[in-house]
Each structure stands twice: as structure tokens, then as C-alpha cells.
Amino acid sequence: MDTPAASYDAIVATLAGLVNEAEAALGQRGTVGVGIPGTISARTGLVKNANSTALNGHPLDRDLGRALGREVRCQNDANCLALSEAVDGAGAGRRVVFAAILGTGCGAGLALAGRPWAGPNLVAGEWGHNPLPWATPDEFPGPACWCGKTGCIETWISGTGFADDYARAAGVRLIGEQIVARARQGEAAARDALERYANRLARALAHVVNLLDPDVIVLGGGLSNVDELYEMVPAQLANYVFGGEAETPVVRSQHGDSSGVRGAAWLWD
Ligand SMILES: [Zn+2]
């Protein structure tokens, strides 16, 4: 369902309604795990960092738990993606799985040894709000980001960032799928935008490799469906990783759009 983005209460009611419908259809009661944009602060117990900004400042796990009459586990959606892919997806059998969602925004998270790894500030893996590395003069200071900074990786490699970049160069606003289709048809502006996108993604992921050197990098979200990226990005990764070697596989999530939801279910043993 579309998120009723304007109203927190409507989001809680929608989620509770979906659980009730599923349980009515199945005739049994289950555990509930939820993947959310952002995370629930350990300090305040309230959602922070969500680009669905209606969630910020609310105790979603407690409110949904009250609506459903049971404990609810919430985890960042990119951590859920990493968990799902680590358990039985594209990262199965790998100890350190870094997963990024290249969608409207750019969330990212980690699974270590088959469990989500959030860290004490609950931001582990969230490199989308680091600055774009090796920025060229024309990329600096970069677009304003909703987080309050400028030039965040998200403003370049999210689907929105890709569309913005094409619009700045071509003077026409298209969605990512249309730009990719035009690139395949040979339109120069679209091909250039895809080249710039792959190069920026390679730079951004090289930072992840230098810091963490994960066993696998899994991509999810709308742009993860662009086949060309799995050639273009690995081909450039080693140009940026310290030492010039990058054996790290960059792969598409195995469970697609359902992967984050599967990971949320895996929050319960
Ligand atoms: Zn940002």
C-alpha cells in the first residue's frame, strides 16, 4: 500500500490493519517485525532519521505494539535488507554483508554473522549522508539534502539524485527508468548521466570497502534493477579502493522489493 505519508496516526492504523488482515486470512497469530526508514533512538525511544518524516519523533514500536496487543520489533529497513540477504539471499554464507537501497532515498545497513548490526548510535552503515567522496569542482558543494547537509551521497546516488542530475544536464525531468531506457536507445545525455551515476556509486562504495571491506555489497531499491550497473560499478571500484584491488562482489538483492520485509520477519527467531 502507499504510505499515508502526511499522518503518523494513519500510518500506525494502516500497519495494524495489514497485520490484522494477514492474520484473519491465515487464521493464526504471528510475531511482528517492521522495517522502517530511519531508526528508533536508544536514547529517546523515538524514531529519528526517517525520510518519511511523519514518523520522526514518535515511538512507532510502542504505538504499533499497543494497537496490536503485543511486542513489535522495529529495525532500519536497509538493515532488514542486509539481514534478509545475509540469511538466505545474495549474501548467504557471507559474514559481513553491506546492503544499500537505491530508491527515493539511499538507506544502507549491515548484517554481521547473520544478525543486523546497528551500533550504539543505530546508524551503522548509513553512509548515504556522508559527503560524496573525491568530489570534482563541479560537484562541490553539491545539492542540499533533507538531512540539513549538502552534497550527501544520497543526493547523487538515490533515484531522486539520478533524476536531478539528468534534469540539470538535459533540462528535462524524467524518472530513473525513463533515463535508463533513453540511455539504452543511445541518447547521449542519458548515457552520460548513467556513466556519472555509476562512477559516483563506485566512489561511494569504495569508501565502504576502505572502511569495512565487506564480503559482499548487495543493492536493493529501484535502481538496483539496472543491469548495466553490475558491469559499470565493479569495473571502476578498484580505481578508488586503496591499493587498487577490489574483489568485492557487487550484486543485486535476491529477494527484490520483498527483501526488506523478509528481513523484518527475521528480526524474530
Ligand atoms: Zn543528507
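Nine helices and nine strands make up the secondary structure of the protein chain. The model is predicted.

**Overall form**

The C-alpha trace spans about 55 × 40 × 35 Å along its principal axes. Of the 269 residues, 43% count as buried. Take contacts between residues at least 6 apart in sequence: 61% of them join residues at least 24 apart.

**The sheet**

An open sheet holds five strands, ordered β7-β6-β5-β8-β9, with mixed pairing. Its edge strands, β7 and β9, each pair on one side only. From one strand to the next, the twist averages 30 degrees. Strands β5 and β8 run parallel and are joined by five bridges. Within this pair, phenylalanine 98 has isoleucine 217 in β8 as its bridge partner. Helix α7 packs on the sheet and touches β5, β8 and β9. The direction of α7 makes about 160 degrees with that of β5.

| Strand | Residues |
|---|---|
| β5 | residues 96-102 |
| β7 | residues 115-117 |
| β8 | residues 216-220 |
| β9 | residues 250-252 |

**The core**

The largest nonpolar core has 70 residues. Ala82, Val97, Ala99, Leu201 and Leu205 have the most contacts inside it. Helix α7 (residues 188-212) gives the largest share of this core, twelve residues. Both domain 1 (8-70) and domain 2 (79-254) contribute residues, so the core lies between them. Beyond its neighbours within four places in sequence, alanine 99 is in contact with residues including Ala78, Leu81, Ala82, Val218 and Gly220. In soluble globular proteins, nonpolar side chains tend to be buried together.

How values were computed:
Residues are numbered from 1 along each chain as its sequence is written. This is a predicted model: local features need pLDDT of at least 70, side-chain atom pairs count only at pLDDT 80 or more; totals for chains, interfaces and linings use all residues. Helices (H or I, at least four residues) and strands (E, at least two) are DSSP runs, numbered from the N terminus. A residue is buried if 20 or more other C-beta atoms lie within 10 Å of its own, exposed if 12 or fewer, and partly exposed in between; C-beta atoms are placed from the backbone. Two residues are in contact if their C-beta atoms, placed from the backbone, lie within 7 Å. A nonpolar core is a set of buried Ala, Val, Leu, Ile, Met, Phe, Trp, Tyr and Cys residues joined through C-beta atoms within 7 Å. Domain bounds come from an automatic or database domain assignment. Two strands pair if DSSP finds at least two bridges between them. Axes are lines fitted to C-alpha atoms, for helices over the stretch in contact, and angles run from 0 to 180 degrees between N-to-C directions.
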